[in-house]
Amino acid sequence: MKRVQIIDRSGDEGFMREALALAEQGAALGEVPVGAVLVLDGQVVGRGFNCPISRHDPSAHAEMVAIRDAALRLQNYRLPGSTLYVTLEPCSMCAGLIVHSRIQRVVYGTTEPKAGVAVSRGQFFDQAFLNHRVLVEGGLLAEQCSEMLSQFFRQRRQNGRDA
């Protein structure tokens with residue numbers, strides 16, 4: 001028998017806009033502009049943006065930072081019933097963390113053709129060996145998320161030419 005899950009999607013756009021604002025904070029620091037918020041019971045419990053350069057930490061992706069923030073706030077390494085909003089399709093490292101954290105749902109903005117594992121480079125979350133199922137939805141505010149990344153890399157290339 002298939003389990004039916006009722007999910008409140010009314011706040012999705014607002015939460016993704018908050019993730020976009022976090023991505024802008026990262027861009028202001030010279031980081032690739034990716035932002036993430038983790039929501040539980042309609043409340044943001046974790047926030048993060050990409051910061052591997054400034055933190056000297058290759059694992060400091062937006063999702064990782066937001067999940068760590070939420071786990072510390074909630075004093076729990078498991079985050080059942082939560083939704084992660086992220087501006088870019090998760091990579092394999094973040095996808096593994098999402099599963100281990102028992103996040104219920106991931107909503108991402110734009111795809112990541114080079115390293116995304118929700119749809120671009122495979123369907124990680126659909127693998128039979130996983131002991132937790134994550135609902136994944138993509139494309140929310142995709143144009144805004146994609147344009148922010150394009151603008152960042154355009155500027156970076158321009159700065160390289162100007163140097």
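Let's start at His61, which lies in the loop between H2 and H3. Helices here are DSSP runs of H or I, at least four residues, and strands are E runs of at least two, numbered from the N terminus.

A word on the model. It is predicted, so local features need pLDDT of at least 70 and side-chain atom pairs 80 or more, while totals for chains, interfaces and linings use all residues. Numbering runs from 1 along each chain as its sequence is written, and side-chain values use heavy atoms, without hydrogens or water.

Back to His61. It is partly exposed, at 22% relative accessible area. Partly exposed sits between buried, under 20%, and exposed, over 50%, with a 1.4 Å probe on protein chains only. Beyond neighbours within four places in sequence, His61 is in contact with Asn50, Cys91, Met93 and Cys94. Contact means heavy atoms within 4.5 Å.

Now Cys94. This one is in helix H4, and counts as buried at 0% relative accessibility. With the sequence neighbours within four places set aside, Cys94 is in contact with His61, Glu63 and Met64.

What does the record say? An unreviewed UniProt entry annotates His61, Cys91 and Cys94 as "binding site". Its positions follow the numbering used here, feature names are shortened, and annotations may be inferred rather than shown by experiment. The three spread over 34 residues of sequence, yet cluster in space, with a largest C-alpha distance of 9.3 Å.

Last, H3. Helix H3 covers residues 62–74. Its buried residues include Glu63 and Met64. Among the elements covering the buried residues of H3 are strand E1 and helix H4. Just after H3, Gln75 takes a positive phi of about 55°.

Terms used: Expected span 1.5 Å × (residues − 1).
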